[in-house]
Amino acid sequence: QKRLAAEIKKCGRGRIWLDPNESNEISMANSRFNIRKLIKDGLIIRKAVKMHSRSRVRKNLEAKRKGRHTGIGKRRGTKEAR
């Protein structure tokens with residue numbers, strides 16, 4: 001059911017949410033037509049895309065501009081490479 005729903009909704013299996021309270025009704029659905037009906041009823045939903053926040057990166061870059069995190073222990077490569 002999850003695979004069919006993912007194909008119908010044009011997304012991956014991980015983004016499909018199946019209503020846990022209606023699991024027996026969902027398990028009965030074995031065709032694209034039935035899955036479409038469940039999607040219309042709201043028993044199968046496509047979850048929103050997870051956010052990938054850059055706030056940590058911005059904070060770190062701000063500190064780097066001030067000269068933090070650039071000690072000997074953070075350096076990779078030779079002196080000539082830097």
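Ala6 is a residue of helix H1. The model described here is a predicted one. With a relative accessible area of 6%, Ala6 is buried, because a residue counts as buried under 20%. Setting aside neighbours within four places in sequence, Ala6 is in contact with Cys11, Gly12, Arg13 and Ile16.

Ala6 and Arg46 are separated by 40 residues in sequence, while their C-alpha atoms are 8.2 Å apart in space.

## Helix H1 and its packing

Which residues of H1 are buried? They are Leu4, Ala5, Ala6 and Ile8. The elements against which the buried residues of H1 pack are strand S1 (16-18), helix H3 and strand S2 (44-46).

When residues up to four places away in sequence are not counted, Ala5 touches Ile16, Ile35 and Ile44.

## The nonpolar core

The largest nonpolar core contains 13 residues. Within this core, Ala5, Ile16, Ile35, Leu38, Ile39 and Ile44 touch the most other members. Helix H1 (2-9) and helix H3 (32-41) each supply at least two residues of the core. H1 provides the largest share, which is four residues.

In soluble globular proteins, nonpolar side chains tend to be buried together.

## Two residues with positive phi

Lys10 follows H1 and lies in the loop between H1 and S1. Although Lys10 is not a glycine, its phi is positive, at about 55 degrees. Is Lys10 buried or exposed? Lys10 counts as exposed because its relative accessibility is 70%, and the cut-off for exposed is over 50%.

His69 is not a glycine, yet it has a positive phi of about 60 degrees. His69 is placed in the segment after helix H4 (55-65). At 39% relative accessibility, His69 counts as partly exposed, because this value falls between the limits of 20% for buried and 50% for exposed.

## The chain as a whole

The chain has four helices and two strands. What order do the elements follow from the N terminus on? They run α-β-α-α-β-α. The radius of gyration of the chain is 24 Å, whereas the globule rule gives 12 Å for 82 residues; the chain is therefore more spread out than a compact globule. Along its principal axes, the C-alpha trace spans about 65 × 25 × 20 Å.

Contacts across the sequence give a further view of the chain. Among contacts with a separation of 6 or more, 60% are accounted for by residues 24 or more positions apart.

## Surface and charge

How much of the chain counts as buried? Of its 82 residues, 18% do. The accessible surface of the chain comes to about 7200 Å². Carbon and sulfur atoms account for 50% of this surface.

The chain carries 26 positive and 7 negative charges.

Technical notes: Residues are numbered from 1 along each chain as its sequence is written. This is a predicted model: local features need pLDDT of at least 70, side-chain atom pairs count only at pLDDT 80 or more; totals for chains, interfaces and linings use all residues. Side-chain values use heavy atoms; hydrogens and water are left out. The radius of gyration is taken over C-alpha atoms; the globule rule is 2.2 Å times the number of residues to the power 0.38. Buried means under 20% relative accessible area, exposed over 50%, partly exposed in between (1.4 Å probe, protein chains only). Contact means heavy atoms within 4.5 Å. Accessible areas come from the Shrake-Rupley method with a 1.4 Å probe; for residues, only the protein chains shown count as cover. Lys and Arg count as positive and Asp and Glu as negative; His and the chain ends are not counted. The place of a charge is taken as NZ of Lys, CZ of Arg, CG of Asp or CD of Glu. A nonpolar core is a set of buried Ala, Val, Leu, Ile, Met, Phe, Trp, Tyr and Cys residues joined through side-chain atoms within 4.5 Å.
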